[in-house]
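Please read the following report on the sheet, its strand pairing and the confidence of the model alongside the sequence and the coordinates.

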Amino acid sequence: MNGLAETLVRLLAAKGMTLAVAEASSGGALSAALTAAPGSSRVFLAGVSPYGNLAKMQLLGLPRCILDEYGAVSAEAAAAMASLVRQKTGASLGAAVTAIEGPGGGTPEKPVGTVFVAVADAHGSRAERLSLPQADARPVIRQASVEAALKLLMEFTGGREYGEYDAF
């Protein structure tokens with residue numbers, strides 16, 4: 001995963017892009033992976049960890065109606081958080097992670113191991129769902145969340161065309 005973060009940082013720097021992240025479930029793990037990469041200070045602007053719904057609304061401006069209609073762990077919430085963190089920081093890209101890490105809190109529709117990652121730029125956003133039904137350990141879900149976010153960022157920024165993404 002460290003290699004993927006380093007490749008992403010190089011790609012963002014080469015494209016003159018910046019990044020900010022909102023981590024509703026990963027507790028700063030995505031920020032830590034990114035800032036461990038050499039050169040990250042040129043591209044990484046900020047990371048916030050609004051764990052509770054009130055923090056999501058206060059720190060990011062996430063509308064309550066998204067939380068009420070879709071829940072905090074949803075594609076809609078992840079996409080909105082990515083867009084909002086990007087807007088608030090002035091970054092080229094925003095990324096967000098939200099998940100049900102367990103051991104409780106899951107439902108039949110969203111069991112433990114349900115993860116949503118999203119990336120946004122000035123033109124829109126993309127959110128993806130990751131299902132880890134066999135994962136019963138928070139660290140496993142957290143690691144998978146970070147890796148999924150890094151991969152989505154690579155795809156969103158043209159990492160496949162950049163030629164280094166396929167190595168991972």
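## Strand pairing and confidence

In β5, R126 is the bridge partner of V119, and V119 is in turn the β4 bridge partner of A95. This is a predicted model, in which local features need pLDDT of at least 70 and side-chain atom pairs count only at pLDDT 80 or more, while totals for chains, interfaces and linings use all residues. Residues are numbered from 1 along each chain as its sequence is written, and side-chain values use heavy atoms, with hydrogens and water left out.

Helices (H or I, at least four residues) and strands (E, at least two) are DSSP runs numbered from the N terminus, and two strands pair if DSSP finds at least two bridges between them.

| Strand pair | Sense | Bridges |
|---|---|---|
| β3 (residues 93-99) and β4 (residues 114-121) | antiparallel | six bridges |
| β4 and β5 | antiparallel | eight bridges |

A hairpin through two residues joins β4 to β5. The five strands form an open sheet with mixed pairing in the order β2-β1-β3-β4-β5, whose edge strands, β2 (44-48) and β5 (124-131), each pair on one side only. Helix α5 (residues 75-89) packs on this sheet, touching β1 (19-23), β2, β3, β4 and β5, and its direction makes about 145 degrees with that of β3; contact means heavy atoms within 4.5 Å, and axes are lines fitted to C-alpha atoms, for helices over the stretch in contact, with angles from 0 to 180 degrees between N-to-C directions.

The chain averages a pLDDT (the predictor's confidence in each residue, from 0 to 100) of 91, and 92% of the residues score at least 70. Over residues 161-168, however, pLDDT stays under 50. Where pLDDT is low, the predicted coordinates should not be read in detail.
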